[in-house]
Amino acid sequence: MTTPSEDIIDRWLEAVAAQLPPETRADITDELRELIVSRMEAKEAELGRDLTADEVEGVLREIGHPLAVAARYRAGPDSLIGPELLPWWLYGVKAGLLVLLAIHALSLVVTLISGPRDPGQAISQAFHGFFGSGLTLIGALTLAGAIMEHYRIRPKWMTEWRAKDLSLFGLSDPTTWGVKAREASKTSTAGGVNIRPVQVRVGGSSPAGEAVFSILALGLFVLWWLGLVSFPGLATFEVADQPVTVAGAPVWTTLYAPILAFALVQMAVDLFTLINPTAERLRALFRAAVAAANLVLLWFIAQAGDLFVLTSAGQKATVAIDQAYLTLDWLRMLDERGRDLPGVASTLSIVLTWSAVVMAISLLGSAMLNLWRTVRPKVA
Amino acid sequence: MSADDELFESMRLELRRGSLVLAVLACLRTERYGYTLRQALAADGLEMEESTLYPLLRRLESQGLLLSEWREEEKRRKRFYVLSPLGASLLERLTAEWRAIGGSLDRLL
């Protein structure tokens, strides 16, 4: 028959044992039992009597909570994400949340432009969507971080970084946005020693930083393209109190596989940038090819014209890229478009047509700039 | 406890943390079991919680620096630890390092 004190000790040891691997369980609990008994004997000698149940509890409390005691014996990392990985995890979370925020904000703007019956509900849905996807992102990054911590995985881009690739990491701090190096490059002289103020450079060329953002954004796009995540407000919204369904035009079915392949190739190029930060010419060549492929893809989409069909209360309107919208008059008339289905469709068509032009110019510039980088002489 | 005291305590613990392994290795030149080892450390002014000491003993043993043996003493089975040959050689090198650091700090302080 066990005494109350033995019973308390057994319960504490059982709780510790349950957290330990089976192969070391008995050995560790035997040693802990011996420790507890030694401490109790010392206390009993001091008091000149047996310990009460409360005093035994006190001894166990001094040794520690079973979870904390067992955790000290665990092999492997002490934390889910250790101090070395934590800054990367934090940056990934911040950057990912910013991308998600941009996507949900865009979705909300589209919804609000269409004049929903209940704007409050649209805003609430956008918040709900942002928090839901944000929590999923944090969970996924935590899981990835925990796996890297457990198996001591440290990719090359974490260890072989270069100072010139770091500028975009400043984007995690919104208070530094827009601060340019040149604005901060004033020098001052004190006691004959030139002191150059700390220069914050954000928004300049940063291959690694751009690649991290690009991978996050493209990763989200691929998940959405495959139908694994959804963004409320992109597929349905309201116009004049009527629900509007958005259906993709046939061009998206035709280009489904090429667009998916293109996104995956672009992610591979970004990954290459992270893994081989010094292979500048090869990276530039890949980027030029990606920009050219993107231009071809844009050309096919523009040639198809029709992008989406909006359906509401039996009425249909098409959102299309149309060369006819490329006059300043259409831009000026943008805010005069009606709030009915044809009006919303033509507003979206104008915006998308002009966006396509801006994108085409930017892609052309990117292709040419990267081609130049492949052939320009190296700076000594 | 004031903020200053808390800061001091946190820095004091940080300062001690690195020296505990050396103290444990030094104390185990003589064979001891966990409870008496803790008492010996405390007697020399190095209080150490059991939840830190016992897992540390296992880690040092798994690194080959300690040898251990279950033995009966005063009608109870106890696990005795003692420095291994590898532990003794490492202790010698760590002691030299510790004295060098101490010398440098003495000059700085």
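Eight bridges join strand 2 of chain B to strand 3 of chain B, and the two run antiparallel. This is a predicted model, in which local features need pLDDT of at least 70, side-chain atom pairs count only at pLDDT 80 or more, and totals for chains, interfaces and linings use all residues. Residues are numbered from 1 along each chain as its sequence is written, while chains are lettered from A and ligands numbered from 1 in the order in which they are written. Helices (H or I, at least four residues) and strands (E, at least two) are DSSP runs, numbered from the N terminus. Two strands pair if DSSP finds at least two bridges between them.

**Sheet of chain B**

- Three strands of chain B form an open sheet in the order 1-3-2, with antiparallel pairing.
- Strand 1 (32-33) and strand 2 (66-73) of chain B are the edge strands, each pairing on one side only.
- Strand 1 of chain B pairs with strand 3 (residues 76-83) of chain B over two bridges, in the antiparallel sense; here Y33(B) stands opposite F80(B) of strand 3.

**Hairpin of chain A**

- Strand 5 (residues 306-312) and strand 6 (residues 315-320) of chain A pair over six bridges in the antiparallel sense.
- L310(A) stands opposite A317(A), which belongs to strand 6 of chain A.
- Two residues lie between strand 5 and strand 6 of chain A in their hairpin, and A313(A) in the turn has a positive phi of about 50°.

**Contact between the chains**

- In chain B, 12 residues are in contact with 11 residues of chain A (contact: C-beta atoms, placed from the backbone, within 7 Å).
- Helix 2 (34-43), helix 3 (50-62) and strand 3 of chain B each supply at least two residues of the side of chain B that touches chain A.
- Helix 3 of chain B gives the largest share of that side, six residues.
- The residues of the side of chain B that touches chain A divide into three nonpolar, three polar and six charged; Ala, Val, Leu, Ile, Met, Phe, Trp, Tyr, Cys and Pro count as nonpolar, Asp, Glu, Lys and Arg as charged, and the others, Gly among them, as polar.

**Helix 1 of chain B**

- A23(B) is placed in helix 1 (residues 3-27) of chain B.
- A23(B) counts as partly exposed because 17 other C-beta atoms lie within 10 Å (20 or more make a residue buried, 12 or fewer exposed, and numbers in between partly exposed, with C-beta atoms placed from the backbone).
- Leaving aside residues up to four places away in sequence, A23(B) touches L41(B) and L46(B).
- The C-alpha atoms of A23(B) and L41(B) are 7.5 Å apart in space, and the two residues are 18 residues apart in sequence.

**Helix 13 of chain A**

- Helix 13 (residues 341-375) of chain A has 35 residues, which at 1.5 Å a residue should span 51 Å, and its end C-alpha atoms are 51 Å apart, in agreement; the expected span is 1.5 Å times one less than the number of residues.
- Buried residues of helix 13 of chain A include L341(A), V344(A), L348(A), L352(A) and N370(A).
- S366(A) lies in helix 13 of chain A and is partly exposed, because it has 17 C-beta neighbours inside 10 Å.
- S366(A) touches R287(A) and A291(A), not counting residues up to four places away in sequence.
- The C-alpha atoms of S366(A) and A291(A) are separated by 6.4 Å, although the residues are 75 residues apart along the chain.

Key:
Two residues are in contact if their C-beta atoms, placed from the backbone, lie within 7 Å.
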